[in-house]
Amino acid sequence: MLLTCSGGPVGVGVRDGVGVDVMVAPGELGVADGITEEEAAGPASPPELAHPATIRTTPITSIAIRWPRLPLKVPTAVWCHRTADVAQLVERQLPKLNVASSSLVIRSTTVHVRHTHDVLTTLSTGAQVFIEDTGAPTPEAETIVFGHGLLFSGRMFKAQVAALRDRYRCVTIDWRGQGRSGPAPDGRYDMDALTEDAVALIDSLDAGPVHYAGLSMGGFVGIRLAARHPERLASLTLLDTSADPEEPGNVREYQLLAAVYRLVGMRPLMKPVAKIMFGSTSLAGPRAGEIVSSLVEAMTGVDRAAMKQAILGVCHRPAVADLLAQIATPTLVIVGAEDAATVPAKAAAIASGIPGAQHEVVPAAGHSSTVEQPEAVTALMTRFLDRVAR
């Protein structure tokens with residue numbers, strides 16, 4: 001196939017190793033030899049092809065070329081900034097096709113076709129976990145891995161992923177026994193087991209050192225990652241978390257809640273749990289229903305026995321304050337001003353213990369700051385990543 005491009009960026013997106021779309025957003029568009037400009041602008045019949053493929057034309061907006069059954073493994077998503085790269089990329093990764101001996105000439109300024117790859121995968125640790133991967137927006141894009149807090153799923157970072165995915169490959173994980181992930185095959189829900197899962201995930205991405213952002217439980221993992229596996233991290237963002245063991249009073253309360261939850265589910269417990277997970281401003285504000293619903297949604301369909309063990313894993317975690325001084329990774333520490341589960345003093349202690357760490361307090365946020373104040377958290381993360389990205 002001869003494919004020549006001129007103008008602005010054009011992307012070639014490959015989804016699930018099944019098909020390929022070359023998509024062009026609105027702009028100046030012409031097709032030499034195969035289809036006239038008039039045909040390209042309307043729903044005309046495409047030329048015959050030597051390979052079972054179709055050229056789809058849509059008025060004004062786009063041309064797509066799709067090969068539906070390709071017998072080769074390709075990346076989830078491949079994107080080009082320079083249009084000159086597209087022909088080489090297609091020639092290199094895909095079988096050559098004869099498009100009536102024609103050259104397809106594309107002139108465009110932007111491409112916005114991206115897909116999120118959602119998959120239930122088995123890590124090298126044996127854990128079956130649910131992953132959402134936006135793919136890399138450019139070949140040079142760095143990767144952010146997000147680790148959620150207890151009771152939630154990776155979707156608690158959806159606002160941050162939406163804001164950052166045009167510049168970074170964003171990957172979220174649902175920890176074992178939570179969200180859409182399966183129960184732990186080895187019965188382990190301790191923080192070291194979750195850290196092993198995080199290492200396995202990072203290694204499987206084959207993306208070099210990643211930026212890691214973890215909230216609460218995800219932060220417990222982040223501290224361990226940065227101290228024990230520094231070569232795998234480019235930066236560390238810790239949100240609403242602690243380096244200390246759980247407070248004895250909280251342990252008793254959480255153990256009771258876990259036992260009751262195992263028997264009757266979360267709905268009867270939502271009021272006391274919401275006071276732990278969210279700040280008073282959020283619960284009294286206009287978004288209260290939306291915010292609480294995000295937790296209900298995350299827990300819908302979860303294996304109760306597995307979630308109970310995940311709660312106990314948090315309750316019985318050991319202190320890792322002694323690891324803080326070992327962390328040399330650039331670190332941002334964020335905490336909600338109204339966090340009742342890991343109070344702001346816990347974040348201050350982490351920031352003072354990690355050399356050079358940046359410490360930020362988010363007003364009107366509790367223990368789930370990414371959900372309660374998404375714009376403020378995203379702004380802090382964006383500025384930090386701008387400073388530390390390679």
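Student: Okay, Ser153 to start: buried or exposed?
Tutor: Keep in mind that this is a predicted model. Ser153 has 6% relative accessibility, so it counts as buried, the cut-off being under 20%.

Student: Where does Ser153 lie?
Tutor: Ser153 sits in the loop that runs between strand S10 and helix H3 (158-164).

Student: And what is Ser153 in contact with, leaving aside its neighbours within four places in sequence?
Tutor: His148, Asp174, Gly179, Arg180 and Ala298.

Student: Let's zoom out. How many helices and strands does the chain have?
Tutor: There are 13 helices and 15 strands. The chain has 390 residues, and 54% of them are buried.

Student: What about contacts across the sequence?
Tutor: Take the contacts with a separation of 6 or more: 74% of them are between residues 24 or more positions apart.

Student: Now helix H5. How many residues does H5 have, and how far does it reach?
Tutor: H5 covers residues 217-228, which is twelve residues. From first C-alpha to last it reaches 17 Å, close to the expected 16 Å.

Student: How many of the residues of H5 are buried?
Tutor: Eleven of the twelve, so H5 is largely enclosed by the rest of the structure. Among the buried ones are Met217, Phe220, Val221, Arg224 and Leu225.

Student: What covers the buried residues of H5?
Tutor: The cover includes strands S10 (143-147), S12 (210-215) and S13 (233-239). It also includes helices H4 (191-205), H10 (304-315) and H11 (344-353).

Student: Pick H4. How do the axes of H4 and H5 cross?
Tutor: They come within 9 Å and cross at roughly 65°. H4 and H5 therefore count as roughly perpendicular to each other. The crossing is right-handed.

Student: Which residues meet there?
Tutor: From H4 you have Met191, Asp192, Leu194, Thr195, Ala198, Val199 and Ile202. They meet Met217, Phe220, Val221, Arg224, Leu225 and Arg228 in H5. By type, the residues of this contact split into nine nonpolar, one polar and three charged.

Student: Some of those numbers step by three or four. Why would that be?
Tutor: An α-helix has 3.6 residues a turn, so residues three or four places apart point the same way.

Student: Last one, H10. Which residues of H10 are buried?
Tutor: Ala306, Met307, Ala310, Ile311, Leu312, Gly313, Val314 and Cys315. H10 has twelve residues and reaches 16 Å, close to the 16 Å expected.

Student: And what covers those buried residues of H10?
Tutor: The cover includes H4 and H5, along with helix H6 (248-264) and helix H9 (288-299).

Conventions. Residues are numbered from 1 along each chain as its sequence is written. This is a predicted model: local features need pLDDT of at least 70, side-chain atom pairs count only at pLDDT 80 or more; totals for chains, interfaces and linings use all residues. Side-chain values use heavy atoms; hydrogens and water are left out. Helices (H or I, at least four residues) and strands (E, at least two) are DSSP runs, numbered from the N terminus. The expected span of a helix is 1.5 Å times one less than its number of residues. Buried means under 20% relative accessible area, exposed over 50%, partly exposed in between (1.4 Å probe, protein chains only). Contact means heavy atoms within 4.5 Å. Axes are lines fitted to C-alpha atoms, for helices over the stretch in contact, and angles run from 0 to 180 degrees between N-to-C directions. Angles under 35 degrees count as roughly parallel, over 145 as roughly antiparallel, 65 to 115 as roughly perpendicular and the rest as oblique. A crossing is left-handed if the near helix is turned anticlockwise from the far one by less than a right angle, and right-handed if clockwise. Ala, Val, Leu, Ile, Met, Phe, Trp, Tyr, Cys and Pro count as nonpolar, Asp, Glu, Lys and Arg as charged, and the others, Gly among them, as polar.
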